[in-house]
Amino acid sequence: MDDIQPPTQPTVREIAARVRAGEMTPEESVRAALDRIAATDGAVNAFAEVWADRAISDARELGKNPGLDGMGLAGVPFALKENTERDNPIVKRLEEAGAIPVGATANPQFCTWGTTDIPGRITRNPVRPGRTPGGSSGGAAAAVAAGMVPFAQGNDGMGSLRIPAAACNLSTIKATPGIVPGHVGGNDWYGMAVQGVIAQDNDDLTLLMKEITRGHVDAVDAPLPRRFGAVLDLSSPVAGFGAKPEWQEAARQAAKTLADADLPVREAKAPYPLNPLPMLARWSAGVADSLRDEGLPDHLEWRNRVHARIGRSLRWSISDRQVIRARSKMEKFLEGDNVLITPALATEPPSDGPWNSRPWSANMLTNMRYAPYVSVWNLLGFPAGVVVEPVTGVPVQVVARMTQERVLLTAMDRIAAGGVVGA
């Protein structure tokens, strides 16, 4: 594994605290981020657009707000994913908390793939040189990992937050559908896609999750169970695509951390759905719907042309019954307040080449080979997060039952801190 260096920029909580205390103005915070973008993004290509003038204007207006000292994200600059409009409810929630969008980050066409590139623009991984930052929220993760912004908004329909967070050694959560406000496209990829954020570390992630769910649901601030446990599963949801030793070892170490904290931990194989068609149908039909609703782009990538064709042929098969049966089996396996620990990825991310020009089959095989652990949770609706395990320095995935984001965040906190975290 490469020697990963953390971002040099301040955290979300540090920036907000300084702005609330009057030690920094929102404009100074935004200008510092814009300077970092100007100095860094030429080598990374994380941003599709930078809104310098508007961001500075918004920061000046925020500085006049008499309620600034009570905002949880006061003056914190952030980036939007390219597929998210400014009027999306998640953006409004972040702005109400005092955060200021400074630009839009790159995603692959229709947000289909686990690599982030389009003709003429390849987004690069700041912490794993020569490799993709993942996708589809790859630009968001690259911007945070490179220290350009302290956090970024993204969304996750087939692992699109967790894949880039794992590829760039960051923290994120794909929440239970309905926990985080705002839709993704016309139908959330038939219920699989949710909005979210990518953060530098788990403390920032917890703060951000509390802000974007404030007044909406109480899952993040729900009372913590007196005791929870964990299940370790190193088996792969996709037969034949298991994790390499370093990714397995990270998951083992995360489970050991919880066991050392006197939490009950066992190892078992999860009942992953055997039929891939329900998930493939939703994924490909979501792309077909985007093409239908948004119209033909100037350049329709061949991989997406094929994917949309598959979606049109499978759309008829989509049924809630498929999800209900598979979810019921998983709920019986992951009972009570337990969390599931798995590898976050199976291998190092693939190269950062022009995947947009390669066949559908090559993209599909590559995605399955390096990220087989994430997509099943979009189908089932379970919340799933990615956090860096500190002993190995390798990210792991943690999963909880639906609406148990509080348990999920607590388990992630304890893994990130080596087991010692106050409840």
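Predicted model: local features only at pLDDT ≥ 70, side-chain atom pairs only at ≥ 80, totals over all residues.
How many bridges join strand β7 (residues 171-174) to β12, and do the two run parallel or antiparallel? Three bridges join them, and the run is antiparallel.

Residues are numbered from 1 along each chain as its sequence is written, and side-chain values use heavy atoms, with hydrogens and water left out.

View 1. Helices (H or I, at least four residues) and strands (E, at least two) are DSSP runs, numbered from the N terminus, and two strands pair if DSSP finds at least two bridges between them. On one side of the pairing list, lysine 174 stands opposite alanine 384 in β12. Alanine 384 also stands opposite valine 399 in β13. Six bridges join β12 to β13 (residues 394-399), again antiparallel. The hairpin of β12 and β13 has four residues between the strands, and there glycine 393 takes a positive phi near 75°. Strand β12 (residues 384-389) is mostly covered, with five of its six residues buried (buried means under 20% relative accessible area, exposed over 50%, partly exposed in between, using a 1.4 Å probe and protein chains only). As background, side chains in a regular strand alternate between the two faces of the sheet.

**View 2. Tryptophan 113 meets tryptophan 283.** A search of the whole structure turns up four aromatic pairs. The rings of tryptophan 113 and tryptophan 283 have their centres 5.5 Å apart and their planes at 70°, so this pair is edge-to-face. For the cut-offs, rings of Phe, Tyr and Trp (its six-membered ring) pair if their centres lie within 6.5 Å; planes under 30 degrees apart count as stacked, over 60 as edge-to-face and the rest as tilted. Tryptophan 113 comes from the loop between β3 (100-105) and β4 (117-118), while tryptophan 283 sits in helix α10 (residues 277-294), so the pair ties together parts that are 170 residues apart in sequence. Tryptophan 113 is buried at 1% relative accessibility, and tryptophan 283 is buried at 6%.

View 3. Tyrosine 272 and tryptophan 377 make an edge-to-face pair, 6.1 Å centre to centre with 65° between the planes. Tyrosine 272 belongs to the loop between β10 (265-267) and α10, and tryptophan 377 to helix α14 (residues 376-380), so the pair ties together parts that are 105 residues apart in sequence. Both tyrosine 272 and tryptophan 377 are buried.

**View 4. Two arginines over rings.** Here a charge sits over a ring if NZ of Lys or CZ of Arg is within 6 Å of the ring centre and within 35 degrees of the ring normal. The charged end of arginine 266 sits over the ring of phenylalanine 333, 5.5 Å from its centre. Arginine 358 has its charged end over the ring of tryptophan 355, 4.3 Å from the centre.

View 5. What does threonine 366 touch, not counting residues up to four places away in sequence? Pro350 and Trp355, where contact means heavy atoms within 4.5 Å. Threonine 366 lies in helix α13 (residues 360-370) and is buried, with a relative accessible area of 11%. A polar atom of the threonine 366 side chain lies 2.9 Å from the backbone oxygen of alanine 362.

View 6. The peptide bond from glycine 135 to serine 136 is cis, with omega near 5°. Serine 136 lies in the loop between β5 (121-122) and α5 (138-145). Asparagine 169 has a positive phi near 60° without being a glycine; find asparagine 169 in the loop between α6 (162-167) and β7, buried at 12% relative accessibility. Tyrosine 190, also not a glycine, has a positive phi of about 60°. Tyrosine 190 sits in helix α7 (residues 188-191) and counts as partly exposed at 26% relative accessibility.

Definitions and conventions: Polar contact = N/O pair within 3.5 Å; in protein donor to acceptor, adjacent residues only side chain to side chain.
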